[in-house]
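Thanks, everyone. I'll keep this short and go through one chain, feature by feature.

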Amino acid sequence: MAEHEDDQAVLEEEPSSADATPPTGASADGAADGSSDAEGGDAASGSQAPSVGDAATEGQGASDAAAGDAEPTASPSPGSLDGVGGPIDATADPVIDPALPTAQPSGLADRDPVEDDEDAAMMSPRDPLEAASDGADGADQSAASGAPPADFGALNTQSSDTQRLLPIRIDEPTDFWSPQKGERKVRFLVVLGACLVFLPNLGGFGLWDPWETHYGAVTTNMVETYDWISPWWGYKEKIGTEKRQGNYFFSKPVLIFWTEALASNFFGRSEWSIRLPMALLAILAVFLAYLALSRIWTRRVGLLGALIMATSPQFFMISRQAQTDMPFVGTMTIAMCFLMLALFAKARRHTDKSFWAWTGAALAGLLLVTIPQYGLLVTDLATEPPASAPNPGLSWQLLHQGTYHALIYGSVLASILGWFGWSLRRDIQRRGLTQGVKDKWLRRWLMVWFYIFCGLSFYAKGLLFLIPGAVICVWLLVTVQWRVLARVELIRGIVIFLCVSLPWYVAMFVKHGNAFYQRFFVHDHFNRLGAGVHQIDSGTFEHFIKWLGIGMFPWAIFVPFALIWMFRLNTRDRRASNQAAVFVAVWFAFAFMLFTLSSTKFHHYIFPAMPALTMLTALFINQLLDDKTWLPRLVTVVGVVFFAALSWDLHEDPQHVRNLMTYKYDRPLPDHLPIDPQAKVSKSADTYTWEESTFWRHTTPLMRAILTTDAFRYDNWIPLIAVWGFIALGLFFVARHRRKGLAALGLLAAMFALWSLNYYMPSLSPHWSQKYLFDSYYDTCQLSENPEEIQTAYTPLLPAGLAASFGYNNKRVCHEDVISWLITWRGETYYSYNELQPITKEQPQFMPYLEARNHGEKFYALMERGKMAGFKSKLQRYSDKLKRKGQRGWRDVKSWDVKVENDESRFFQMVSATPVR
């Protein structure tokens with residue numbers, strides 16, 4: 001979310017924390033260090049922000065000379081840094097060596113004897129859960145144990161008393177975060193950079209089989225039928241004696257279909273609109289990652305995290321695929337970033353106008369994701385009473401009529417909003433609209449957004465939404481921060497979560513009952529985790545190591561050391577920046593273990609762990625930049641080895657990048673790619689070149705120019721990337737050029753991302769998308785006129801001319817039938833607008849189709865390569881049989897002219913069959 005326009009004004013109108021008079025009880029050190037900026041320096045003066053690892057142990061051994069202190073803590077011995085070693089220099093950038101041996105600092109006890117009393121004083125009496133948990137937190141330890149902890153932020157200006165409390169637990173903050181100069185411009189550039197990665201050529205090539213077209217076909221039915229409750233996939237009529245192909249689609253929850261349908265209604269149904277929700281979620285996730293990392297640590301950490309996330313191959317490749325992984329991981333990442341901001345970020349000064357603007361935005365967001373759902377319940381959930389009981393009672397109507405569902409959810413939501421209004425009014429009456437009240441409520445709104453996106457995550461991937469809750473529980477266990485539960489809106493948050501995520505699931509149970517439960521929960525959740533349904537890959541701990549390496553190229557070279565560093569984190573260091581680092585580490589470790597233990601494995605199943613790993617990598621790299629020891633050089637030397645291995649692996653197998661976001665890994669890479677306009681489109685084509693192909697005609701001039709650039713060819717580009725990487729690592733090895741080396745590595749990652757999305761994927765699309773096969777069908781068939789209701793259903797809100805620039809076409813149906821011949825590969829359903837007639841079994845279906853539906857007319861058939869001869873033979877045999885029977889339309893058919901209309905795909909052909917009379 002962008003900052004409010006009045007944020008800069010409040011910085012000018014209100015004194016910063018540096019100028020504020022410390023309250024009674026604040027430490028002398030806290031007052032003296034109050035000029036320290038949350039970003040690690042004075043933005044106005046342009047001083048360098050301290051990096052990860054700076055000021056590791058501030059405040060713990062400092063003199064606690066505040067007035068009224070009953071027991072002053074011991075001062076550090078001369079010449080020591082909090083008793084660890086070295087004089088304190090608040091102006092220097094201390095360097096923390098992760099390899100230093102651990103030691104217990106002298107002069108510090110494991111437990112502050114007055115900590116419980118201080119914590120109790122800091123707590124608000126209106127938090128009974130927090131008050132009741134005093135005894136549960138008795139195991140709290142100071143950060144003094146273990147190795148000198150790596151600090152992940154600037155010097156903390158609060159007293160040692162408040163350092164032990166996370167920002168969410170402080171009622172009246174005295175230490176405020178202030179944005180560095182040009183922060184709005186930086187945030188704009190982060191969003192712009194993400195847009196430049198994820199949006200160009202979004203609809204420039206066809207949807208890929210099988211997932212994009214699978215889910216796109218469900219969305220197509222939703223757009224056409226206006227039924228947004230019950231997803232449907234497949235042909236709706238029965239052919240022959242074989243069971244009907246089409247049925248309700250219970251495999252995936254509804255978020256991907258709703259977002260694609262919304263985009264299709266606005267922009268028109270096209271590749272652009274089907275993929276747009278994934279790209280927008282990726283952009284928002286990258287931006288929220290920047291906000292969280294920059295607010296908790298420094299701007300540099302935020303920029304590193306956003307860059308690494310946006311340019312990691314698995315992240316950007318999945319962002320270009322209209323499948324359920326980005327809706328799930330994107331919403332989960334956004335939710336976790338909101339949670340981190342609420343728990344760990346310093347307070348921010350706000351004007352009254354800014355505060356009310358953020359409050360309105362939070363409430364508007366909650367209403368935006370709930371009220372439209374309740375409207376759908378009213379219009380789409382209306383079950384007819386059974387014939388045996390034509391006048392059912394009230395209990396039956398409450399369950400089966402969407403109006404009652406909407407009233408229940410609306411009443412609960414109104415109660416929650418009413419409580420928020422009453423509680424906010426009470427706080428303002430008691431304390432005034434102070435910065436403390438503003439901070440408390442802004443964190444509360446961040447928690448509301450956390451629960452909203454957890455609810456959307458439930459709509460994206462089902463029960464995997466539990467990952468954020470499980471991560472929180474593990475973090476609480478390892479850090480003993482149970483009192484935080486009193487401030488995370490747990491009860492009201494769960495109610496908000498249910499108001500967001502429950503309506504569709506309840507409606508599906510009402511309409512479809514046990515069939516939905518068995519397919520969605522039993523087969524697609526429990527059996528995938530435990531029984532290995534759809535199993536393709538195997539392996540245990542080592543399985544995802546390789547795919548994290550490919551999926552985070554080139555940043556993976558830092559990952560081994562980042563993970564070693566992760567295990568050295570001190571879980572009892574109570575500073576917010578350290579606790580946030582522990583939280584991210586728990587997030588990664590839990591997600592990695594969960595999907596490693598899953599019986600069903602695809603390469604992309606490790607994706608939920610990747611956002612946390614990118615954040616950990618950013619923190620580690622940020623620390624390396626200012627490290628003056630031997631560690632950066634060791635990391636570089638080992639990184640060169642990893643980089644060489646990954647580069648060689650990519651060079652030897654051009655399908656590694658593709659395999660990050662799809663499956664059917666055994667499909668061979670075609671020899672004939674559309675990178676030379678004069679080359680043949682396939683081995684079987686005699687003189688048919690790419691310049692004459694359907695793919696070329698239906699591709700933009702810009703895309704054709706990219707595809708024909710020799711420098712972008714795989715065998716040229718990967719060696720170029722490798723050489724660039726070695727140069728970047730060479731610069732990184734030299735301390736004074738380390739930032740230049742990192743910049744060169746970032747440029748390499750961005751170039752690889754842009755190349756992958758705008759050259760690599762489009763070059764494979766004639767073979768992994770059925771779009772161009774069906775373009776040939778629509779180019780050569782006789783188009784029929786749509787009924788008025790169908791034309792209206794597919795007409796976008798945008799003017800037709802503008803929508804056409806996004807690839808929009810209204811529904812196209814030909815007079816000639818199109819069938820699939822012994823395949824079910826999903827693309828044929830999407831690109832025929834669900835009109836393709838599937839012949840999945842020749843014996844029970846082909847003859848009935850010809851006799852009852854075709855009547856001896858020209859038709860088209862989509863089939864796999866190598867099946868054309870068998871198809872032609874079967875067609876002639878059945879045609880002769882129908883001719884002998886004297887069937888209508890077959891009496892004068894002598895033979896069939898079967899020819900290939902599109903021969904551009906490595907795996908499929910579009911064939912036309914014309915009767916010769």
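Start with His767, which sits in helix H28, residues 738–768. Keep in mind that this is a predicted model. Is His767 buried or exposed? It is buried, because its relative accessibility is 2% and the cut-off for buried is under 20%.

Now its surroundings. Leaving aside residues up to four places away in sequence, His767 touches Arg667, Pro670, His672, Leu673, Trp690, Glu904, Ser905, Arg906 and Phe907. Take Leu673 from that list. It is 94 residues from His767 along the chain, yet their C-alpha atoms are separated by 8.6 Å.

Which backbone atom does the side chain of His767 reach at 2.9 Å? The backbone oxygen of His672. There is also a backbone nitrogen to note. That of Arg906 lies 2.8 Å from a polar atom of the His767 side chain.

Next, helix H10. This one runs over residues 299–311, which makes 13 residues. From first C-alpha to last, H10 reaches 18 Å, close to the 18 Å expected at 1.5 Å a residue. How many of its 13 residues are buried? The count is 11, so H10 is mostly covered, buried being under 20% relative accessible area. Among the buried ones are Arg299, Arg300, Gly302, Gly305, Ile308 and Met309.

What do those buried residues of H10 pack against? Six helices, in order: H6, H9 at 271–296, H11 at 313–319, H12 at 325–344, H23 at 610–625, and H28. H28 is the helix that holds His767.

Leu192 is partly exposed, with a relative accessible area of 35%. Together with Phe188, Leu189 and Leu196, Leu192 makes a nonpolar surface patch of about 400 Å².

On to charges. The structure holds 29 salt bridges.

Pair one: Asp325 and Lys461. Their side chains meet in a salt bridge at 3.8 Å, N to O. This links distant parts of the chain, with Asp325 in helix H12 and Lys461 in helix H16, residues 435–461. The two are 136 residues apart. Both Asp325 and Lys461 are buried.

Pair two: Asp626 with Arg739. The closest N and O atoms of this salt bridge are 2.7 Å apart. Asp626 lies in the loop between H23 and helix H24, 631–652, whereas Arg739 is in helix H28, 113 residues away. Asp626 is buried, at 9% relative accessible area. Arg739 is partly exposed, at 40%.

Which side of the cut-off does Asp903 fall on, buried or exposed? Buried, with a relative accessible area of 9%. Arg865 is partly exposed, at 27%.

Last, the network. Salt bridges that share partners join Glu183, Arg187 and Arg299. Arg299 is one of the buried residues of H10.

That's my tour. Questions are welcome.

How values were computed. Residues are numbered from 1 along each chain as its sequence is written. This is a predicted model: local features need pLDDT of at least 70, side-chain atom pairs count only at pLDDT 80 or more; totals for chains, interfaces and linings use all residues. Side-chain values use heavy atoms; hydrogens and water are left out. Helices (H or I, at least four residues) and strands (E, at least two) are DSSP runs, numbered from the N terminus. Buried means under 20% relative accessible area, exposed over 50%, partly exposed in between (1.4 Å probe, protein chains only). Contact means heavy atoms within 4.5 Å. A polar contact is a pair of N or O atoms within 3.5 Å; within protein, one must be able to donate a hydrogen and the other to accept it, and residues adjacent in sequence count only if both atoms are side-chain atoms. Patches are made of residues with over 30% relative accessible area and no salt bridge: like charges are joined within 9 Å, nonpolar side chains (Val, Leu, Ile, Met, Phe, Trp, Tyr) within 5 Å. Accessible areas come from the Shrake-Rupley method with a 1.4 Å probe; for residues, only the protein chains shown count as cover. A salt bridge is a side-chain nitrogen of Lys or Arg within 4 Å of a carboxyl oxygen of Asp or Glu. The expected span of a helix is 1.5 Å times one less than its number of residues.
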